Amino acid sequence: MGRAFGGAGVGTPGPPPPRPAPSPLGPAASLGGWRDGDGVRFPPQDGLIVENTHDLPYTASAGPEVTATMTAVCAAVRMTCPRLPLGVQVLCSANQEAVAVALAAGCDFIRAEGFVFSHVADEGFVNACAGDLLRYRRRIGAEHVQIFADIKKKHSAHALTADVSVSETAKAAEFFLADGVILTGPATGVEADPGELHEVEQAVNIPLLIGSGVTLENVKSYLNANALIIGSYFKEGGYWANQIDPTRRLFRRSRNDQVL
């Protein structure tokens with residue numbers, strides 16, 4: 001396993017009650033535990049991805065207030081953690097907006113839904129976007145921002161592409177110039193299939209990340225992945241919407257960077 005990325009969920013103005021809209025910089029203030037330098041990050045992480053996870057229900061047409069808030073949050077995190085690898089995802093499937101946020105805030109990568117192959121998500125129909133997204137990235141001068149693409153995305157039906165395997169989906173993402181692919185379980189907090197991990201790692205030559213369901217009990221099943229994105233496990237009770245539980249540890253590293 002290469003790296004472990006923490007998933008930080010925030011909210012933006014706009015979603016309906018009962019969740020009140022938070023202050024735009026409020027979520028960033030809660031991320032102070034991920035300070036870099038010679039201090040220990042808590043929980044210890046190699047990087048962080050910021051997502052507007054609390055914007056329920058998600059919409060396929062994220063408004064300008066979402067892009068503005070995510071830019072403010074990511075910029076605040078970047079100021080707090082100037083050397084920490086930092087990514088952003090804007091739900092739902094607002095991939096061009098995520099690239100713009102990354103460019104403005106100094107993020108290193110985005111997590112993209114619907115990169116290749118259309119599918120039906122709980123927000124509606126999601127069309128493949130690779131061609132438009134990469135052209136947009138080039139047009140705004142953001143080609144240094146890497147794109148990690150979800151394949152057979154969680155919270156979605158893939159009956160339209162039932163004849164396309166997960167490895168073929170990964171190959172298509174690689175062919176369409178994704179910088180990495182993300183494998184998940186069927187829902188947030190649900191573990192990915194280790195068999196699919198083996199299948200995909202044999203199929204592509206770009207980084208493979210695990211994007212859901214990693215826990216202390218199953219982490220050894222995913223050590224062949226290049227990176228793990230971990231959010232729910234570090235929350236109270238292992239539930240994505242709860243506060244960070246400072247007692248939860250997934251693993252520790254020895255001085256020669258081996259997972260123990």
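**Entry 1: D108 and R78**

I first looked up the side chains of D108 and R78, which meet in a salt bridge at 3.0 Å, N to O. I count as a salt bridge a side-chain nitrogen of Lys or Arg within 4 Å of a carboxyl oxygen of Asp or Glu. D108 lies in the loop between α3 (95-105) and β4 (109-112) and R78 in helix α2 (residues 64-80), so the pair ties together parts that are 30 residues apart in sequence. I note that this is a predicted model, in which local features need pLDDT of at least 70 and side-chain atom pairs count only at pLDDT 80 or more, while totals for chains, interfaces and linings use all residues. Residues are numbered from 1 along each chain as its sequence is written, and side-chain values use heavy atoms, with hydrogens and water left out.

Is R78 buried or exposed? R78 counts as buried because its relative accessibility is 13%, buried being under 20% relative accessible area, exposed over 50% and partly exposed in between (1.4 Å probe, protein chains only). D108 is partly exposed, at 34%.

**Entry 2: further salt bridges**

I found that the structure holds six salt bridges. One of them joins the side chains of D150 and R111 at 2.8 Å, N to O. This pair links distant parts of the chain, with D150 in strand β7 (residues 146-150) and R111 in strand β4, 39 residues apart. Both D150 and R111 are buried. I also recorded a network of salt bridges that links E51, R111 and D150.

I next looked up D179 and R137, whose side chains meet in a salt bridge at 3.3 Å, N to O. D179 is in the loop between α5 and β9 (180-183) and R137 in helix α4 (residues 130-139), 42 residues apart. D179 is partly exposed at 23%, whereas R137 is buried at 9%.

**Entry 3: a sheet**

I traced an open sheet of three strands in the order β6-β5-β8, with antiparallel pairing. Its edge strands are β6 (124-126) and β8, each pairing on one side only. Two strands pair if DSSP finds at least two bridges between them. Strand β5 (residues 119-121) and β8 have two bridges, and the bridge partner of A121 in β8 is S156.

**Entry 4: L160**

I located L160 in the loop between β8 (156-157) and α5 (166-175). L160 counts as exposed because its relative accessibility is 55%.

Key:
Helices (H or I, at least four residues) and strands (E, at least two) are DSSP runs, numbered from the N terminus.
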